[in-house]
Each structure stands twice: as structure tokens, then as C-alpha cells.
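Thanks, everyone, for making the time this morning.

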Amino acid sequence: MYKIAISDLDGTLLGADHRISAKTKGSIHRWINNDRKFVIATGRHYIEAKCMQDTLGIPIYLISSNGARVHNREGEIIHQQNLDSHIAKEICHTKFNDAVQVNLFTDHNWYANYTIPEQEAMAFDAGFDCIATDLTEIDTSNTIKIFFFAEPELLQPIYELLNTRFGEQVNLTFSLDKCLEVMHADTNKGAAVQAVLKDKALQAEHAIAFGDAMNDVEMLHLVAKPVLMANAQQSLRQALPDAELTLSSQKDGVAVMMDKLLTR
């Protein structure tokens, strides 16, 4: 029996409206009422993850910023990692194409070289809004992560540049086709899930996880049962060819799979 389920948010647990459907919410409550654990693991900031927790109405562990932060049920940080300050500063002082939005997360703020409407449409109304500013003036000593938002053809050269420049000092991953994330080398959802399992005295064999993008790959490799959404990135499918598929996020694929497991 799987004792814990871990799910990504965008493209996985959330529908096209970036909300948790009533069907999925009901499934999560049934899962927890059957003496099992549920964890959110997202690339979004903790403030936004906490908003989803409040929507569910139940205290759960939250993995945010792709594993850079893990909060327990009481909201206490049990695992954290920052991007090295000098790397963050160097990125902030690098000139990129004007069509590339550069974003930086700290524990309390989200900064960017400019704001864009597409991201505002994805917001959770959590009071966590993007602040347009000159990134060269930002204090980078508490940088959780940096991410670039642009068309894929503009992001690939940035990936190659940063990989050449920083190599094994950073973790570079595409959470969306239009979103390239830059984190500390040891930051990923898999390491964060390990921290949760240790805190709960569970093993990877007890865990099932759901994901749709390459920032989920370490988490999915770790657990006993990795499940990919029907809308998963092709690169993720290639990385986990034996993983089970469920329906798309728009068809409540996480809920469908968890309900199926509860009947076994």
C-alpha cells in the first residue's frame, strides 16, 4: 500500500484555470481520510503553495521552489537551500535578450526585470506579486532560485551559456517549455521528497508521485510508483519510459489514479 502521494501543481494537480477542481479536492480528502499522506511539490514559491494548502483546508507538507524549501504541517522549514549569492549576482548582471524575462525569488519577494500579463493570469491571488525592478540592484544573499521566462528558442542558448559558465554548481531544468529554472546544484524535488520521507519515517517504497515536466524527474525516479500525466513533456516520458500514465491535468488525472489505488 502506498502511504504517501506527492504531486506537482501546474500541469498536474491543477486544471487549465490553475485551480484544484472539486473532484480532485474530494479525492485528496478521501486519500487522507484513509490514513495516507499527501504532499504538494511545486516550482512555485512557498506563499503560493500555502495558498493551495489553504484551498484544500488541511495541513500538509509543502515542497516549494522545486525543492529549495520544505515546510512541515506547522509551517516550519525542515529543509532549505539557496542559490549561491555570487552566481545569482553574476546572472543578474548578465545582459540577455530583451524578450527574456529574468525572475528572482527570495523568501518574501518575487523580483523581475519586467512583468508580463501571462504570469499574472497564472497567479493564485495569494498576495505574492511580481515586482519589476533593476535586478543589478538586488541583494542576492537570499536567492532561492532564478528563472527565465521566454519562448523556447530563446531559452536554449541561456541553458547552454549557464551550463558552460557554472557547470555542476547549478541545477538547470525546464519546468515549462517557456520556463528555465536555475537553482543550487543539490536542489531538486527528489532531495526534498527524501527530507519529507525522513521526517515522516517513511521509505521511498511507500511513495507515489505525479508530475508532468523535467523539474519532476528526480522526484519521479525516487518513488516506488512514478505516474506521468497524459500532458507530460516528451522529454519526461523519455526519461521515465516505464512510468504509468494517467489522464491529463484537465481531466483530473491525479484524482483518477488515487481513487483507483484506494479501491485496491
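Predicted model: local features only at pLDDT ≥ 70, side-chain atom pairs only at ≥ 80, totals over all residues.

In helix 4, the residues that are buried are I87, A88, I91 and C92, and because the arc they cover around the axis is only 135°, they sit on the same side of helix 4. As for what covers the buried residues of helix 4, the list includes strand 6, strand 9, helix 6, strand 10 and strand 11.

Let me take helix 6 from that list, which runs over residues 152-166. Which residues of helix 6 are buried? They are L155, I158, L162 and F166, and they cover an arc of only 60° around the axis, which puts them on the same side of helix 6. On the other side of helix 6 we find E153 and T164, both exposed. The buried residues of helix 6 pack against helix 4, at 85-92, as well as strand 9 (145-149), strand 10 (170-176) and strand 11 (179-184). Just after helix 6 comes G167, which takes a positive phi of about 50°.

Now to strand 6, residues 101-105, where V102 has its place. V102 has a relative accessibility of 6%, and since buried means under 20%, V102 counts as buried. Leaving aside residues up to four places away in sequence, V102 touches F96, Y111, A112, N113, L135, I146, F147 and F148. For one of these, N113, the separation from V102 is 11 residues in sequence and 5.8 Å in space, taken C-alpha to C-alpha.

The last item is a helix pair, helix 2 (residues 22-33) and helix 10 (residues 253-262), which pack at an angle of about 30° with their axes 9 Å apart, and whose crossing is left-handed. From helix 2 the contact is made by K23, T24, S27, I28, R30 and W31, and from helix 10 by A255, V256, M258, D259, L261 and L262. Sorted by class, this contact between helix 2 and helix 10 has seven nonpolar, two polar and three charged residues.

Methods:
Residues numbered from 1 in each chain as written. Heavy atoms only, no water. Helix = DSSP H or I, 4+ residues; strand = E, 2+ residues; numbered from the N terminus. Expected span 1.5 Å × (residues − 1). Buried < 20%, exposed > 50% of the residue type's maximum accessible area, 1.4 Å probe, protein only. Arc of directions from axis to C-beta. Contact = heavy atoms within 4.5 Å. Axes fitted to C-alpha atoms, helices over the stretch in contact; angles between N-to-C directions. Left-handed = near helix turned anticlockwise from the far one by under 90°. Nonpolar A, V, L, I, M, F, W, Y, C, P; charged D, E, K, R; others polar.
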